Amino acid sequence: MKILVAVKRVIDYNVQIRVKEDGTGVVTDNVKMSTNPPDDNAIEEAVKLKEAGKATEVVAVSVGEEKAQETVRKALAVGADRGILVKADGVIEPLAVSKILQKVVEKEKPDLVFMGKQAIDDDCNQTGQMLAALLNWPQATFASKIEVKDKSLEVTREIDEGLETIEVNVPAIVTCDLRLNEPRYASLPNIMKAKKKPIEQITASDLGVDTKPRIEQIKVEEPPKRKAGIKVASVEELVQKLKNEAKVI
Amino acid sequence: MSILLIAEHNNKEFKPFTLNAISAASQINEDVHVLVLGSNSDSVAKSISEVPNVKKVIHVNNSLYENYLAENYTSAVIKLAESYSHIVCSANTFGKNLMPRVAALLDVSQVSDITKVIAEDTFLRPIYAGNAFATVKSTDKIKCVTIRPTSFDPAPTSGGSAEIINGDPGDASELSKFIKKEEIKSDRPELGTARVVVSGGRGMQSGENFKLITAVADKLNAAIGASRAAVDAGYITNDHQVGQTGKVVVPDLYIAVGISGAIQHLAGMKESKVIVAINKDGEAPIFSVADYGLEADLFEALPKFLEELNKLNTIQK
């Protein structure tokens, strides 16, 4: 079984976002970038399935600017066999990403596609489901457990009410929740080895996908600031304020 | 053109967030039609028809919809989509699973998780877990939009009498199969919707010490949250995690105990109406978002806090 894993390069989750003064977006120059956290879970799961003898090859793919190569390289360092970078500049909406991935799937013919459930930059939560629709494959979103069966997967999903288990035929798309596994760190020898693994570079236009945005971003602004609070001197004062001033208890 | 809203329900009653989505939908366009895909779900269609904001209910009653599967739902929605200007549903796990599948088949770029309707094609939505807000305008012919339920008041539940018509089922999909649902049964409110959340951080020092949090949460009928640091340290399971990589919560009262206030945690709770921080480090960033800050040792403050709560005659539930 061959697994394609899609990974996205995003601003590191520990970085305080700054909105550009002209309102056109957030500052990304000289900002630490990392793999989108749940994409790390997606890679980890694929590598674990390979180690368990259930997958034969793990291919990591990213869509983005040249530097997204680092994100692919990181996936190789934790165990993916080879990488693909689809170069595309500017804002690439999930619909365009899913069209690009559709072309990659048609070429690579994986049995499974894994990716994180949501990217922590645009917070769209769309790409996996859109790719499943375009391929007419089943989708198992927000997966916290994956069990490989003969020609299907049994997937436990994190839903608002608790957990749901579904069975999806292979080929399938799985979007991964943070609870799926504990992503490993790349060891230094593996980081060195990853430098020798191949990354194929193509462009979105090679694949014939129009990436022009359909959503016009009018402005990006800071969230409304909270008005400054007060320090209370004692627990008694705190309880009195909550009861009589804020009226929340 | 009208707006089509997809209801979330369990074949007996609709889920409460459907009402928040209906009220957001009627801000976009008053002609709101609600699609109920269910099995033996007459009571759902009936109760939705009584919501005054709803102008028409399309009820598809078919065993195909006994359980919710995005593959089956999508086909039914697509059959109706061309006669609508907007397709909307809640941005919870139900809608997040469904809407992109619909949007991709319509070749539409979806607008996710809106918190405000600015115009029928223009919306406000949080990005970077609410650390920034984007105003976006959809240029697609049909607009596929998911709605953050906690940003809109629920629509009233009575006074309306919308027409209920029977709709056609979509194609049956063989791609996926429902197996089971395990609902978390807890006397405690759910983290995402609780009125009060009490959260502990690394300052709790151990899982055992979370019993101090539990005692206060019991008293306030609150959900229990945690920072990523507390989860990573193994004090509590990660379904309690509040933050950019956990749950985003907007309770009336959020009490952060022994939480320093890392950016990724603040992203998950700073929209709460009232924030309390209890921390012995007076310089901790959590105090910058707190309405009421108490600089104190939590191991003394929490038992004292419980004691003071016990003295109150009444506590809101």
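How many residues does the contact take from chain B, and how many from chain A? It takes 70 from chain B and 65 from chain A. Contact here means C-beta atoms, placed from the backbone, within 7 Å.

Before going on, the ground rules. This is a predicted model: local features need pLDDT of at least 70, side-chain atom pairs count only at pLDDT 80 or more, and totals for chains, interfaces and linings use all residues. Residues are numbered from 1 along each chain as its sequence is written, while chains are lettered from A and ligands numbered from 1 in the order in which they are written.

Back to the interface. The side of chain B that touches chain A has 32 nonpolar, 21 polar and 17 charged residues. Nonpolar is Ala, Val, Leu, Ile, Met, Phe, Trp, Tyr, Cys and Pro; charged is Asp, Glu, Lys and Arg; the others, Gly among them, are polar.

Now a helix pair across the chains. Helices (H or I, at least four residues) and strands (E, at least two) are DSSP runs, numbered from the N terminus. Helix α6 of chain A, residues 235-245, packs with helix α8 of chain B, residues 298-311. The angle is about 45° and the axes are 9 Å apart. Axes are lines fitted to C-alpha atoms, for helices over the stretch in contact; angles run from 0 to 180 degrees between N-to-C directions. So α6(A) and α8(B) are oblique to each other. Oblique is what remains after under 35 degrees (roughly parallel), over 145 (roughly antiparallel) and 65 to 115 (roughly perpendicular). From α6(A) come A:V235, A:E236 and A:V239. From α8(B) come B:A301, B:K304, B:F305, B:E308 and B:L309. That contact divides into 5 nonpolar, no polar and 3 charged.

Strands join the chains too. β13 of chain A (230-232) runs parallel to β16 of chain B (292-295), over 3 bridges. Strands pair if DSSP finds at least two bridges between them. A:I230 has B:Y292 as its bridge partner.

Next, helix α4 of chain A, residues 127-135. 7 of its 9 residues are buried, so it is largely enclosed by the rest of the structure. Buried means 20 or more other C-beta atoms within 10 Å of the residue's own, all placed from the backbone. What do they pack against? In chain A, α3, β6, β7 and β10; in chain B, α3 and α4. Just after α4(A), A:N136 takes a positive phi of about 55°.

Last, chain B's open sheet. 7 strands, parallel pairing, order β5-β9-β4-β1-β2-β3-β10. β5 and β10 stand at the edges, each with a single partner strand.

Notes. Two residues are in contact if their C-beta atoms, placed from the backbone, lie within 7 Å. A residue is buried if 20 or more other C-beta atoms lie within 10 Å of its own, exposed if 12 or fewer, and partly exposed in between; C-beta atoms are placed from the backbone.
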